[in-house]
Amino acid sequence: MAEYQFRKIEQKWQKYWAENQIFKTSDQTEKPKYYILDMFPYPSGAGLHVGHPLGYIATDILARYKRLKGFNVLHPMGYDAFGLPAEQYAIQTGQHPAITTEKNIARYREQLDNIGFSYDWSREIRTSNPDFYKFTQWIFIQLFNHWYNKKSDKAEPISTLFAHFEQYGTESLSVGGVEIEKHFSANDWKSLSEEEKYKISLSFRLAYLAPTTVNWCAELGTVLANEEVKDGVSERGGFPVVKKEMPQWNLRITAYSERLLNDLSLVDWSESIKDQQKNWIGKSKGCEINFPLEGSTQMMKVFTTRPDTIFGVTYMAICPEYDLIDILVKESQKKEVEKYIHATSQRSERERMSNVKTISGVFTGSYCINPLNNEKIPIWIADYVLAGYGTGAVMAVPSSDIRDYQFAKHFHLPIIQVLQGAKTDITQPDFDPKAGKIINSDFLNGLTYQAAMDKAIEVIDTKKFGKGKVNFKIRDSIFSRQRYWGEPIPVYFKNDLPYTLPESELPLILPAVDKYKPTETGEPPLARAKNWKTKEGHKLETNTMPGWAGSSWYFYRYLDPKNAEEWVSQDKINYWKEVDVYLGGAEHATGHLLYSRFWHKFLFDLGKVPVKEYAAKLINQGMIQGRSCLVFKERNSNIVICYQQLEAYAKENVLHTETDFQAIYVDVNLVDSNGQITLKDFKNFRSDLKDAKFEFSINAKGEQVLTCQYLVEKMSKSKYNVVNPDDVVEKYGADTLRLYEMFLGPLEQSKPWNTNNIDGTSRFLRRLWRLFFDESGNFVVTNNEANAAELKVLHKTIKRIEEDIERYSFNTPVSTFMVCLNELIDLKCHKKDILENLLIILSPYSPHIAEELWQAIGHTKSISYATFPKFEEKYLSESEFEYPVSFNGKVRGKQKYATDYSVAQIEKEIQETEIYAKWSEGKPAKKIIVVHNKIINIVM
């Protein structure tokens, strides 16, 4: 074959791999296991753009490399198939989300196959398939039937909680994630009916139903998680989101806070991801203090990390969602408070936390009492206080906290200084809230920070005003969604109490409905289903699970995807144990990556998994950004101007480039390597501007063109900067795409895509082809023995490739391959011994051309069954060294000597060389200094 016909070759080998199940993984082998996992995609209608395969290519390189190194590699792929886009499309068109999802998956599969990934497709999973979500429902049932015993520090069957109540009541009971509000004795428990006992147990379970303040999106008809809300609107669709209290299923992730925090030390994850999770969990040590309400027997419970500053409290700040707000608001303040609460409900918690410039609040009209000095403290509502942290109430100390200080200054509230000394002035940039000594604080006066903390907690505890406590910022996970396209929650209601279905009745399959939107009375779409009841006639739950349910355990289902009887067989879990390398986006740090750790720890408590963490190594790939192309239109006329002429045109017409022109995005696929689009293509692209007046230039071909401005931005259809990998594969080949994506830069970093720069990797593969076939198509590989220079090039390359892949540096090998090819071409090397090994080490990156050339040199089995060549140091050792020779510190030439020559031999022989004769001018040297295999310095 004279020419490298990449599409023909790639289609041939993709078909061969599929028909022969080359990448099917066995669970029965003596090989060491290696489990490589990509975060599975949600199959959107848009399909993949060139940014999506970045991580998939990296894991595929690793998977192919590890197979060559003798590992039994599991490298599966599936689909996170439940999601809002398919449901929104169903609402708009009436088409069942399953049909849309199936179509999208087919498109994804076509694109993935086109790039030549070595997935074991026999293990494909889809979270929307009943045979998968049967076990998502099964895990929910286990959560419902367990509670967290802090004494054993793990989840236990609910029967052990009943046994404790039967013997001790609530005495000595310590429940993870639960504050026991009402205590009872064993006799009290025994006097209850079975239904009353069951009702009490509901508030202790790891899955529970409770009134919860949620992010409600009316347009989407569902509750959204905090991470699904951006700037007060839904991340998907940009619809308004408000705070609303609704009965919701929750999962008690708070019970696992300490373990989620501590066990981060067990995994090789980036410090950035670990820090995000630590901050989200938000462990803090402090004190819980009860402030009596004026004129009432009720208390305000406040958690503070600074009880040492309690004498500096001048107001109490509560969140707009505070549970006692109806009691606290006086009649005279009601209208103002209602107006304020409505306004804050339009803003997300993220907005409220980040907007430090806007100070807002409203007085309730009520007061509480400082238990240590009996001072009256006014109670204000402030949106900088969040319901999700502590108790939703903050004791405000303006002299020690900047937000409290700004609030107090804004509303003219008192400020009591409780710190004295250097760095204790909150108005100064060097302020340190833990500096100096305590003042104006009775028994705490004169103490430093830690001593005052200890003393304050001691007194508060002794006087029963509160207690020392560890608090966590993390809140329980809301598990209900008011939408159709999700896993049905396997719960029915009897006497208004929730019960889980028997496991034998799983899966509870999504029913047919007439429409996919909420009912006219606001109930979730499942309420539209006919006979959505148990066999006994009990009403079934109409909420569905959130999008993260299936993704919280999917990595284990790959081990045993066809098992209809259990979630995964124990022998397969014991063999594969954990994911060795997990790769995906850092944006999932406090969503999927936290929820999945929680579910895994619960399964560990049940004895279902053998390790404490499911992913030993996590790599977060960066983003491949789009290269947007822009031209400009004058706002007050129909004139389109190219970027090159913008400044001059604006100056000539006395216009401002920033305000008087509208940027117009141009389809990047129509722009050439010079950044130009022809006028003809532009008019076809923007037919609405075909009659505009254009300020254009003429290119070398004589065509009228507009020169574009480049911007590096996220790939987006609206910016016309999306590049379809199918187009790249069609024009350059999958192997070229794979090489180029890696060549762009380190995997973890974001980098811009530019199709015009892909020629380098394309040319590399065409030149590689020429080592095997000449321009006439003659096979030129020989069986001649490799020489030392050729072996040195090969083994130098083997060493670098192995080292780089082992440390997950996927970009540098591309340069190494290019250097290797150049050196072999210079050596005119066409020897099988060299090229055969080169193909093996190249095959993880460019598997199609490697397979074709592997076959061409006589192999009948896939190159995937080959063994990665062993690096041998001996081929890199040099028999000679070329010494720089300097006279009085200046290098005057070079001289070669055998590397095993002694210093004495070199000192003697250097004096007999031409270089010595020339620069010594016949004079004897004062001194000859030889640094072995480094330099010769002659002092005259």
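**Aromatic rings and their surroundings**

Guide: Tyr556 and Trp567 are both buried. The model is predicted. Start with the rings of these two residues. Their centres are 5.6 Å apart and their planes meet at 65°, so the pair is edge-to-face. Tyr556 sits in helix H17, residues 554-557. Trp567 sits in the loop between H17 and helix H18, which covers 570-576. The two residues are 11 apart, and their pair links distant parts of the chain.

Now widen the view. Tyr556 and Trp567 belong to one aromatic cluster.

Across the structure, the count of aromatic pairs comes to 60. Another of them joins Phe363 and Trp380: the ring centres are 5.6 Å apart and the planes are at 35°, so this pair is tilted. Phe363 lies in strand S13 (residues 361-369) and Trp380 in strand S14 (residues 376-382), so the pair ties together parts 17 residues apart in sequence. Trp380 counts as buried, because its relative accessibility is 11% and the cut-off is under 20%.

Rings also meet charges here. The charged end of Arg109 sits over the ring of Trp121, 3.8 Å from the ring centre. Arg252 places its charged end over the ring of Tyr208, at 4.0 Å from the centre.

Lys376 and Glu294 meet in one, with 3.4 Å from N to O. Lys376 lies in S14, and Glu294 lies in the loop between strand S10 (283-292) and strand S11 (299-304), so the bridge ties together parts 82 residues apart in sequence. Lys376 is partly exposed, with a relative accessible area of 47%. Glu294 is partly exposed too, at 40%. Elsewhere, salt bridges that share partners join Asp27, Asp120, Arg123, Asp560 and Lys572 into one network.

The structure holds 43 salt bridges. One of them joins the side chains of Asp605 and Arg259, at 2.9 Å from N to O. Asp605 is in helix H19 (residues 592-605) and Arg259 is in helix H9 (residues 257-262), so this bridge ties together parts 346 residues apart in sequence. Asp605 counts as buried at 12% relative accessibility. Arg259 is buried as well, at 13%.

Arg107 and Glu110 form a salt bridge inside a helix. Their closest N and O atoms are 3.2 Å apart. Both residues are in helix H4 (residues 97-115); they are three residues apart, so about one helical turn separates them. Arg107 is partly exposed, with a relative accessible area of 26%. Glu110 is partly exposed at 49%.

What about the cysteines? The structure holds zero disulfides. Cys287 is in none; the nearest cysteine sulfur, in Cys368, is 15 Å away. Cys287 counts as buried at 0% relative accessibility. The sulfur of Cys319 has its closest cysteine sulfur in Cys368 too, 14 Å away, which is too far for a bond. Cys319 is buried at 2%. Cys217, in strand S5 (residues 207-217), is buried at 0%.

Finish at the surface. Ile929, Val931 and Ile935 form a nonpolar patch there, with about 190 Å² of accessible area together. Ile935 belongs to strand S37, residues 935-939. Its relative accessible area is 30%, which means that Ile935 is partly exposed.

Notes
Residues are numbered from 1 along each chain as its sequence is written. This is a predicted model: local features need pLDDT of at least 70, side-chain atom pairs count only at pLDDT 80 or more; totals for chains, interfaces and linings use all residues. Side-chain values use heavy atoms; hydrogens and water are left out. Patches are made of residues with over 30% relative accessible area and no salt bridge: like charges are joined within 9 Å, nonpolar side chains (Val, Leu, Ile, Met, Phe, Trp, Tyr) within 5 Å. Accessible areas come from the Shrake-Rupley method with a 1.4 Å probe; for residues, only the protein chains shown count as cover. A salt bridge is a side-chain nitrogen of Lys or Arg within 4 Å of a carboxyl oxygen of Asp or Glu. Helices (H or I, at least four residues) and strands (E, at least two) are DSSP runs, numbered from the N terminus. Buried means under 20% relative accessible area, exposed over 50%, partly exposed in between (1.4 Å probe, protein chains only). Rings of Phe, Tyr and Trp (its six-membered ring) pair if their centres lie within 6.5 Å; planes under 30 degrees apart count as stacked, over 60 as edge-to-face and the rest as tilted. A charge sits over a ring if NZ of Lys or CZ of Arg is within 6 Å of the ring centre and within 35 degrees of the ring normal. A disulfide is a pair of cysteine sulfur atoms within 2.5 Å.
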